[in-house]
Amino acid sequence: MIPAHIERARQGIEPAMVKRLPSGWVLMANSQFLPGYCILFADPVKPSLNDLNTDERAQFLHDMAIVGDAILTATGAERINYAILGNSEPCLHAHICPRFANEDENYRHGLPWSYPQMQAAEYQFNELDHGELRERILAQIERLI
């Protein structure tokens with residue numbers, strides 16, 4: 001699934017694409033239940049952070065932090081959570097997820113995908129509902145790089 005997102009981004013046909021950065025592609029996450037949730041996909045594709053050399057690793061982590069700063073400003077979030085997992089999809093990608101002060105107490109201290117609404121159709125990324133936020137995030141990234 002992840003390589004398909006990367007290939008569509010390379011072709012310029014990925015609807016959720018925000019921007020190409022030196023280490024990879026920034027895309028809006030499929031679920032926008034937490035508005036502004038993005039994923040940074042490494043390109044070239046690598047299995048994990050440990051498969052990058054020192055310079056590539058520094059660039060990926062730098063890009064990840066820039067995206068976090070951009071999301072923080074664009075959304076007014078309280079904080080940003082970062083997660084690099086890879087157990088299900090062995091392709092390096094970082095979840096960059098805004099967290100908000102008004103989140104449900106039952107979920108706000110857990111993983112963002114613990115919300116039952118994360119998979120609800122009404123929160124899936126689409127241009128009409130999320131294009132303006134994507135543009136605000138893009139503007140902030142471009143201001144920071």
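Me: Which residue does Glu 7 form a salt bridge with?
Reply: In this predicted model, Glu 7 forms a salt bridge with Arg 10, and the closest N and O atoms of the pair are 3.3 Å apart.

Me: Where do Glu 7 and Arg 10 lie?
Reply: Both lie in helix H1, which covers residues 2-11, and they are three residues apart, about one turn of the helix. As a general point, an α-helix has 3.6 residues a turn, so residues three or four places apart point the same way.

Me: What else is linked with Glu 7 and Arg 10 in a network of salt bridges?
Reply: Asp 43 is, so that Glu 7, Arg 10 and Asp 43 make up a network of salt bridges.

Me: How many salt bridges does the structure hold?
Reply: The structure holds ten salt bridges. One of them joins Arg 8 to Glu 14, with the closest N and O atoms 2.8 Å apart; here Arg 8 counts as partly exposed at 29% relative accessibility, whereas Glu 14 counts as buried at 8%.

Me: Why does Glu 14 count as buried?
Reply: Because its relative accessibility is 8%, and buried means under 20% relative accessible area.

Me: What should the 18 residues of H3 span at 1.5 Å a residue?
Reply: They should span 26 Å, and the end C-alpha atoms of H3 are 24 Å apart, which agrees.

Me: And at the start of H3, what does the side-chain oxygen of Asn 126 reach?
Reply: That oxygen reaches to within 3.2 Å of the backbone nitrogen of Leu 128.

Me: Which residues in H3 are buried?
Reply: The buried residues of H3 are His 130, Gly 131, Leu 133, Arg 134, Ile 137, Leu 138, Gln 140 and Ile 141. What covers them includes strand E1 (17-21), strand E2 (24-28), strand E3 (38-42) and helix H2 (54-75).

Me: What is His 130 in contact with, leaving aside neighbours within four places in sequence?
Reply: With that exclusion, His 130 is in contact with Met 28, Gln 32, Tyr 123, Gln 124 and Phe 125, and its relative accessible area is 10%, so it is buried.

Me: OK, the largest nonpolar core: which residues touch the most other members?
Reply: Of the 26 residues in that core, Ile 137 and Ile 141 touch the most other members. At least two residues of this core are supplied by each of E1, E2, E3, H2, strand E5 (93-99) and H3, and the largest share, seven residues, comes from H2.

Me: What does Ile 137 touch?
Reply: Not counting residues up to four places away in sequence, Ile 137 touches Val 18, Met 28, Gly 36, Cys 38, Ala 70, Ile 71 and Ala 74.

Me: How many residues are in the other core?
Reply: The other core, which lies apart from the largest one, has 17 residues, among them Ile 6, Ala 29, Cys 91 and Cys 97.

Conventions: Residues numbered from 1 in each chain as written. Predicted model: local features only at pLDDT ≥ 70, side-chain atom pairs only at ≥ 80, totals over all residues. Heavy atoms only, no water. Buried < 20%, exposed > 50% of the residue type's maximum accessible area, 1.4 Å probe, protein only. Contact = heavy atoms within 4.5 Å. Helix = DSSP H or I, 4+ residues; strand = E, 2+ residues; numbered from the N terminus. Expected span 1.5 Å × (residues − 1). Polar contact = N/O pair within 3.5 Å; in protein donor to acceptor, adjacent residues only side chain to side chain. Core = buried A, V, L, I, M, F, W, Y, C linked by side-chain atoms within 4.5 Å. Salt bridge = Lys/Arg side-chain N within 4 Å of Asp/Glu carboxyl O.
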